[in-house]
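Student: I would like to learn how to read the contact between two chains. Can we work through an example?

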Protein chains: 2
Amino acid sequence: MGMNTRQGNASKGQRSGGGTLYEEVIPWIRDRIIEGELAPGSRIPERVICEKLQISRTPLREAFKVLAAERLLTLTPNRGAVVTRLSFKDVDDAMNLMACLEAFAGKLLCQSITQNEIDNLHELHQRMVVLYNEGNHLEYFKVNQKIHLALLEAADNEVLLQTYLGISTRFKRFRYAGNRAKPRWDRAVNEHEQILISIENRDSDLLQCLLKSHLQNGWAVAREMIREELEG
Amino acid sequence: MGMNTRQGNASKGQRSGGGTLYEEVIPWIRDRIIEGELAPGSRIPERVICEKLQISRTPLREAFKVLAAERLLTLTPNRGAVVTRLSFKDVDDAMNLMACLEAFAGKLLCQSITQNEIDNLHELHQRMVVLYNEGNHLEYFKVNQKIHLALLEAADNEVLLQTYLGISTRFKRFRYAGNRAKPRWDRAVNEHEQILISIENRDSDLLQCLLKSHLQNGWAVAREMIREELEG
DNA sequence: ACTCCATTTATTGTATACAATAACTGAAAA
DNA sequence: TTTTCAGTTATTGTATACAATAAATGGAGT
């Protein structure tokens, strides 16, 4: 990683943007946790990251605090940072809560969504269908994410959005696993189409119902796979 | 605040527990923000807190990162910490979301609540009724909080509980204002009684409905007072 | 008065030094 | 062999020094 030092002994190159080191470190570590490269339960000595990124302990420790607040790390005084280990129940609880939050967003957005946002949703949906036909896992998942995010944004409730994003990133790894099951795809695409229709009709009750079952269906597919990973 | 230094020049007294300085600083600042002693929008220079608490900048800056993650502070690179300013819409959005979360908790707890937890709820309710008759604002509010917390805990969903707590502390000040309106009290006590009954009957639908309207009724009373404070 | 710009001052960001605690090692005792 | 415990090493917690950026100051020119 080409993370320059600000005043360090080696390579006095200027730092890129107006940002700070701890801000750059956060996504670096976060991504490695989400990817599973930093395994759940494993310790992360400060020295290891410091040497790898060529930074001092100060900004790293600040980044640790943020990641601990996101519950991706667990900090214990005098004993350092550990990648938070998630139980199966944690994931199950999170999925249920996210279904609840999406349904609530569905209720709200029926009041607040604009035609622009609906058009944007349609465009995203078309892109997703194309990726579905191409069988492109990763991009399909990304666009799928964007659609759900767009729904949350359309609900026009900033606190809800931030809450959703927090849980979403924390359990990202498992949500991706949910969408890997191929036979689920055609059903998911179909569900999305129904969702779009109910949005256009501003049918709040139906939309809430569809969103809830959409998430629960996806989770049902991944459920046992994840359970095996976390408990078996 | 009797916060001793670990190795500082003055007063070499041992530190109390096995904790760390940044952990002690967090609730100190958090409380001052919630109490309104640190006004929304005001800057908090590191030096001021450092001198007041007799600590160095390192643990303070780590505490700032945690409080920023809780969105009580807003950090801007090279420009320091500002107490996050909340709009009326933020508070309104948060109250709606909390109603949603409590209702969800109500749905879940019908499946998971134990007799012990029900007994505990009754006990808390009795204490609250006593405080209601005594007209004791502060304690009434505290026990009221405890009841709602007990409901969330009974739902047996750790992610939900953590999410609720996060929003709860962030908007604590305004939730307190909601319960200050005296004429609201008798109605609130009555609502709580109905809630307890529906819990005993495991009537999920009724319980969700009651919890939602309970929160919304409380918010309706405080609403205009808060709007005036934040917009007027 | 006002604006502009250089200079100073204050504040934040990072690195490093040192202190405190925990983890490790290995020999002595059971 | 296992346990215990002193001594050592490694790691974390805090303070401080210095660098970089932003804010404040104070003339010179208009």
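Student: At roughly what angle do the axes of α7(A) and helix α4 of chain B cross?

Tutor: This is a predicted model. In it, the axis of α7(A) and that of α4 (residues 88–112) of chain B cross at roughly 60° and come within 7 Å. Angles from 65 to 115 degrees would count as roughly perpendicular and those under 35 as roughly parallel, so α7(A) and α4(B) are oblique to each other.

Student: Which residues meet where α7(A) touches α4(B)?

Tutor: From α7(A) come A:E158, A:V159, A:L160 and A:T163, and they meet B:D90, B:D93, B:A94 and B:L97 of α4(B). By class, this contact has 4 nonpolar, 1 polar and 3 charged residues.

Student: How many residues of chain A are in contact with chain B?

Tutor: In general, the size of an interface is often given as the accessible area lost when the parts come together. Here we count residues instead: 23 of chain A are in contact with 23 of chain B. On the chain A side, the elements giving two or more residues are α3 (57–69), α4 (88–112) and α7 (158–170). The most come from α4(A), with 7 residues. The chain A side divides into 10 nonpolar, 6 polar and 7 charged residues.

Student: What rotation superposes chain A on chain B?

Tutor: A rotation of 180°, with 0.0 Å of shift along its axis and an RMSD of 0.0 Å. The two copies are thus related as by a two-fold rotation axis.

Student: Why do the copies meet through the same surface?

Tutor: Because 100% of the interface residues of chain A are interface residues in chain B as well.

Definitions and conventions:
Residues numbered from 1 in each chain as written. Chains lettered and ligands numbered in written order. Predicted model: local features only at pLDDT ≥ 70, side-chain atom pairs only at ≥ 80, totals over all residues. Contact = placed C-beta atoms within 7 Å. Helix = DSSP H or I, 4+ residues; strand = E, 2+ residues; numbered from the N terminus. Nonpolar A, V, L, I, M, F, W, Y, C, P; charged D, E, K, R; others polar. Least-squares fit on C-alpha atoms with pLDDT ≥ 70 in both. Axes fitted to C-alpha atoms, helices over the stretch in contact; angles between N-to-C directions. Parallel < 35°, antiparallel > 145°, perpendicular 65-115°, else oblique.
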